[in-house]
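Please examine the sequence and the structure displayed below. The report that follows moves from individual residues to the chain as a whole.

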Amino acid sequence: IQPSEVKETLLYQLNSMLDYYGRDRGLVLFRKYAKRLLEPYNLERSQLIDFLTTQDPDRFILNIEGLFAQIY
């Protein structure tokens with residue numbers, strides 16, 4: 001799977017979960033899903049913790065954008 005596809009999938013699923021569950025609950029549930037999709041990128045522990053503890057969906061999106069900007 002290409003990194004661009006993973007990024008698109010992450011953003012699509014995040015937005016779907018936010019729409020369905022609301023911003024707070026949707027992000028909490030999504031972070032578990034995101035961890036699995038991010039595993040192949042061997043993130044440093046500090047990066048992974050930042051993803052998994054982010055409380056703000058907008059910040060999470062910025063983290064995704066930043067990560068995949070580094071990968072491309």
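The side chains of Lys 7 and Glu 65 are joined by a polar contact of 2.9 Å. This is a value from a predicted model. Lys 7 belongs to helix α1, which covers residues 3-21. With a relative accessibility of 18%, Lys 7 falls under the 20% limit and therefore counts as buried. Beyond its neighbours within four places in sequence, Lys 7 is in contact with Ile 64, Glu 65, Phe 68 and Tyr 72.

Tyr 72 is situated in the segment after α4. Is Tyr 72 buried or exposed? Its relative accessible area is 52%, so Tyr 72 is exposed, given that the exposed class begins over 50%. When neighbours within four places in sequence are set aside, the contacts of Tyr 72 are Pro 3, Ser 4 and Lys 7. Tyr 72 and Pro 3 stand 69 residues apart in sequence, while their C-alpha atoms are 7.5 Å apart in space.

Met 17 is a further residue of helix α1. Its relative accessible area of 17% places Met 17 among the buried residues. Which residues does Met 17 touch, not counting those up to four places away in sequence? They are Gly 22, Gly 26, Leu 29 and Phe 30. For Met 17 and Phe 30, a separation of 13 residues in sequence goes with a C-alpha to C-alpha distance of 6.8 Å.

The phi angle of Asn 42 is near 45°, a positive value in a residue other than glycine. Most residues other than glycine have a negative phi. Asn 42 counts as exposed because its relative accessibility is 67%. Leu 43 is located in the loop between α2 and α3 as well, but Leu 43 is buried, with a relative accessible area of 16%. Apart from neighbours within four places in sequence, Leu 43 is in contact with Leu 38, Leu 48, Phe 51 and Leu 67. Leu 43 and Glu 5 are 38 residues apart along the chain, and 18 Å separates their C-alpha atoms.

Thr 54 is found in the loop between α3 (45-53) and α4 (57-71). At 5% relative accessibility, Thr 54 is counted as buried. A polar atom of the Thr 54 side chain lies 2.4 Å from the backbone oxygen of Asp 50. Leaving out residues up to four places away in sequence, Thr 54 touches Leu 27, Arg 31, Arg 59, Phe 60 and Asn 63.

The table below lists the relative accessible areas of the residues discussed.

| Residue | Relative accessible area | Class |
|---|---|---|
| Thr 54 | 5% | buried |
| Leu 43 | 16% | buried |
| Met 17 | 17% | buried |
| Lys 7 | 18% | buried |
| Tyr 72 | 52% | exposed |
| Asn 42 | 67% | exposed |

The chain as a whole may now be described. How many helices and how many strands does the protein chain have? There are four helices and zero strands, and the elements run α-α-α-α from the N terminus on. The C-alpha trace spans about 30 × 25 × 20 Å along its principal axes. For 72 residues, a compact globule would have a radius of gyration near 11 Å; the protein chain has 11 Å, which agrees with that expectation.

Buried residues account for 32% of the 72 residues in the protein chain. The chain exposes about 4,900 Å², of which carbon and sulfur atoms supply 49%. Among contacts between residues at least 6 apart in sequence, 60% join residues at least 24 apart.

Finally, the charged side chains can be considered. The protein chain carries 9 positive and 10 negative side chains. The centres of these two sets lie 8 Å apart.

Note on methods
Residues numbered from 1 in each chain as written. Predicted model: local features only at pLDDT ≥ 70, side-chain atom pairs only at ≥ 80, totals over all residues. Heavy atoms only, no water. Helix = DSSP H or I, 4+ residues; strand = E, 2+ residues; numbered from the N terminus. Rg over C-alpha atoms; globule rule 2.2 N^0.38 Å. Buried < 20%, exposed > 50% of the residue type's maximum accessible area, 1.4 Å probe, protein only. Contact = heavy atoms within 4.5 Å. Areas by Shrake-Rupley, 256 points an atom, 1.4 Å probe, with all protein chains shown as cover. Lys, Arg positive; Asp, Glu negative; His and termini not counted. Charge placed at Lys NZ, Arg CZ, Asp CG, Glu CD. Polar contact = N/O pair within 3.5 Å; in protein donor to acceptor, adjacent residues only side chain to side chain.
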